[in-house]
Amino acid sequence: RMFHDDELEESEKFYVGQPRVLLLIYALYNTLVARSEMVCYFVIILNHMISASMITLVLPILIFLWAMLSVPRPSKRFWMTAIVYTEVAIVIKYFFQFGFFPWNKYVDYTKDKPYHPPNIIGIEKKEGYVHYDLVQLLALFFHRSILKCHGLWDEDEKGDSSSNKDDTDDELSLTGGRRDSSASLKSVNLAASVESIHVHFPEQQTAIRRKSSSSVSQLSQRSSFSSHRSKRETVSVEPCEGCQGRSYVSLETLIISHSAFLLFSASYSVVKSHCGLCCFRTLQVYVPIRQFFYNLIHPDYSAVTDVYVLMFLADTVDFIIIVFGFWAFGKHSAAADITSSLSEDQVPEAFLVMVLIQFGTMVVDRALYLKKTVMGKVIFQVILVFGIHFWMFFILPGVTERKFSQNTVAQLWYFVKCVYFGLSAYQIRCGYPTRVLGNFLTKSYNYVNLFLFQGFRLVPFLTELRAVMDWVWTDTTLSLSSWICVEDIYAHIFILKCWRESEKRYPQPRGQKKKKVVKYGMGGMIIVLLICIVWFPLLFMSLIKSVAGITNKPLDVSITITLGGYQPIFTMSAQQSQLKDLNQTGFNAFLGSYRGNTAALQFLEGYGKEDITLADLEGNSNSLWTISPPSREKMIQGLLDFSAEFTVVLSWSIQRTLETVYPYYIKAPSDSLAKPIKQLLTGMYCRWENITVSLVKNVSEEGVREWWVLNQLGKRYKTSEESLELFIFSDKVSPPSLGFLAGYGIMGLYASVVLVIGKFVREFFSGISHSIMFEELPNVDRILKLCTDIFLVRETGELELEEDLYAKLIFLYRSPETMIKWTREKT
């Protein structure tokens, strides 16, 4: 035990013996230390989401366009920039909190205005104006301490100084000696001899590494350190191993070969020219930025990765947020929902714009992924970062007329978009994969991938859109129909491969009957599912109104009576206090009066006391009886003629001719058709109630006025005044959230649910005999490998071989005998 240490062993035992809660705290702290830069990013983004000002906008943009794109990690310069900027922001916010500034005198009036200049800049007076900035500064200093503890804070300086002694660094010396990598272009001795630069050509490099992010601030080239200096007007090139002698290249050829030398020579010439210091300052900013993105697009090496799936999921989450929270992106749509808007054939403009923008970015991202162009991704990242921040923090507050910090849905959308920006930066930094083979769900052959892949294929138009986009942006010789054919074959073979792998994991011995667990588990579940589908409409319509139904009580009850088609003799309505609810005692007495009447009791089973409303209508008509004298005489003659029929029309929501006079019980269903309740109006216990009709004449100085008075004879609640009673039974209606399901009734649900789902189920159980040749394949490994080979040769550019393999695949499916040979079990 050469490396045995008693103290370390005792420390390990002590650590293992600690309580689990303490171990969890240790683990969380270690995670925090390991990802301290992510904590800083999160706090900076959170601060910007809460503050939403121009002051806090700078650091999030620098995160996505500088820090996350730096290799292998953000440089010391970035962290110092973030720390200093945060400190300056805190001082500025503190300075503008004093009350002598004019805009601080009307804080309550201007605090919710999105376009108020202090609100845009971030210098408005408010409580807790600096809390998140202090937390941000604390996180930055915590990360700085972590880097110092691990020796990473001054890593670049130490690495460069040590390379002078050990001759291990391959960076170019611009001043004849080694210089600190954190030094800026300003510190370069422009009078130094350019001709003294030693260069090692790329094809002669034996060890290539990617430039670190800190080297962006200087214009340096790779070289092998040599103790010999070159002569003027020539450049000394170190020979490779096995080569003899030294080769000399002219300075002009060397500058043309290396863009960095060209930039340095240009900056040197500009300073020497009449443009002077102004152009030099511009180059100080432009050259490092250009060199940074140049190194990003043309890396010496790249650890390729593929995070497109995570980017797609982030975009999908943003898409869902837009669909269900579209009102947060519009002006006067805060109280609306997408289902009600679409049911009224209205497409909100905010919803349409956000959906099209989100979908367009997803399509562009897919195109860049298929073309594997890092430069396009960098340009798209820059445009998207500036565009999204400009839209969310300068345009959207004006559209919604509320600040971004008061828009929770927009904040959630922005946070998910920041996750997408981080993933995009990671993809740019690592580079796109050289080969894109198949769907990401087809990498493993298990039940999870199987069901997810089948769910992916069930999404309308998603499979077709993906196939067409892949064909458009992938180099291939296949036609669109052939491409779709290969994709369909590959999907079908993948599903078969998953089932065959499951059969290998859970083998069934030959001659052994199926276990009851499998039969009752799978078969029983299918039986229950089919029964639920068949009886779902009845169950749904029964439960939705009895359990989750809402009582729809009447707000107005109107009665109109017309004699023989003449002018109405009686009109009356009941509202508010005239519409009374039954108490429990009255409801029990009401049920007791129908004891023995089976039809009536069966009807009353579906109603409670809260569903019944008693309308007490005044007996005196609320309008004078205005009729012309000829019509009056004609109506009197008709009433006196007992041999002739004289109709009495009583109407509520619609006009209806009645054999008897007064219905007394009316059912108000969920639709607009109100009708009498026959179960309560027939039989020996029930009857239609009679009413008396009398004409009242009032003679005064103004003239003769007439109106009709009605009185119900068999009222349940006796009153001395002339009046009418009317019981209204209100059916429960479905909640608004489920109206789209219950709105078409039972027959509508059967047509839309049972018949449609039944069609898919019938396709699963019928037509199996026609697909035996393609379904019952014992071993699909060879076919799966053939499909994978087609993808592979396509990615490598072997398009002629792609055509040959595709022809082989088509011939395989056309030849049953060959298919049998190819799908036999391996022996």
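Me: A helix is a DSSP run of H or I with at least four residues, and helices are numbered from the N terminus. In which helix is Arg500 found?

Reply: In this predicted model, Arg500 is found in helix α20, which spans residues 480–505.

Me: Why is Arg500 called buried?

Reply: The relative accessible area of Arg500 is 13%. Buried means under 20%, so Arg500 falls in that class. Leaving aside neighbours within four places in sequence, Arg500 is in contact with Glu775, Glu776, Leu777 and Pro778. Arg500 and Tyr445 are 55 residues apart in sequence, with a C-alpha to C-alpha separation of 9.0 Å.

Me: What makes Leu604 count as buried?

Reply: Its relative accessibility is 4%; the cut-off is under 20%, and Leu604 therefore counts as buried. Leu604 belongs to helix α23, residues 598–604. Not counting residues up to four places away in sequence, Leu604 touches Phe590, Leu591, Tyr594, Leu680 and Phe729. Of these contacts, Phe729 lies 125 residues from Leu604 in sequence, yet their C-alpha atoms are 9.4 Å apart.

Me: How do you know that α3 and α5 are roughly parallel to each other?

Reply: Helix α3 (residues 36–51) packs against helix α5 (residues 76–95) at an angle of about 30°, and their axes are 13 Å apart. Angles under 35 degrees count as roughly parallel, so the pair receives that description. The crossing of α3 and α5 is left-handed.

Me: Which residues in α3 meet residues in α5?

Reply: On the α3 side they are Glu37, Cys40, Tyr41 and Ser51, and on the α5 side Phe78, Trp79 and Lys93. By class, this contact has 4 nonpolar, 1 polar and 2 charged residues. Glu and Lys count as charged, so Glu37 and Lys93 supply the charged members of the contact.

Me: What makes α4 roughly antiparallel to α16?

Reply: The axes of α4 and α16 come within 11 Å and cross at roughly 160°. Angles over 145 degrees count as roughly antiparallel, so the term applies to α4 and α16. In this crossing, which is right-handed, α4 passes α16. Met54, Leu57, Pro60, Ile61, Phe64 and Leu65 in α4 meet Gln381, Val382, Val385, Phe386, His389, Phe393 and Phe394 in α16. The contact has 11 nonpolar, 2 polar and no charged residues.

Me: Why are Lys372 and Glu401 called partly exposed?

Reply: Lys372 has a relative accessibility of 25%, and Glu401 has 47%. The partly exposed class lies between the limits of under 20% for buried and over 50% for exposed, so both residues belong to it.

Me: What is the phi of Lys372, and what is that of Glu401?

Reply: Lys372 has a positive phi of about 60° although it is not a glycine. For Glu401 phi is near 60°, again a positive value in a residue other than glycine. Most residues other than glycine have a negative phi. Lys372 lies in the loop between α15 (349–371) and α16 (374–400), and Glu401 in the loop between α16 and α17 (408–430).

Me: How do you know that the peptide bond joining Val71 and Pro72 is cis?

Reply: Omega of this bond is about 0°, and the bond is cis. Pro72 is placed in the loop between α4 (54–67) and α5.

Me: What makes β12 and β13 a pair of strands?

Reply: Two strands pair if at least two bridges are found between them. Strands β12 (residues 691–700) and β13 (residues 703–712) have 10 bridges, in the antiparallel sense, and therefore pair. One of the facing positions is Ser694, opposite Val709 in β13. A hairpin joins β12 to β13 through 2 residues.

Me: Why do β6 and β11 stand at the edges?

Reply: The sheet is open, with 5 strands in the order β6-β7-β14-β10-β11 and mixed pairing. β6 (579–581) and β11 (675–676) each have a single partner strand, so one side of each is left without a neighbour in the sheet. β10 (residues 665–668) pairs with β11 in the antiparallel sense over 2 bridges. At least two bridges are required, so β10 and β11 count as paired. Lys667 has Lys675 in β11 as its bridge partner.

How values were computed:
Residues numbered from 1 in each chain as written. Predicted model: local features only at pLDDT ≥ 70, side-chain atom pairs only at ≥ 80, totals over all residues. Heavy atoms only, no water. Axes fitted to C-alpha atoms, helices over the stretch in contact; angles between N-to-C directions. Parallel < 35°, antiparallel > 145°, perpendicular 65-115°, else oblique. Left-handed = near helix turned anticlockwise from the far one by under 90°. Contact = heavy atoms within 4.5 Å. Buried < 20%, exposed > 50% of the residue type's maximum accessible area, 1.4 Å probe, protein only.
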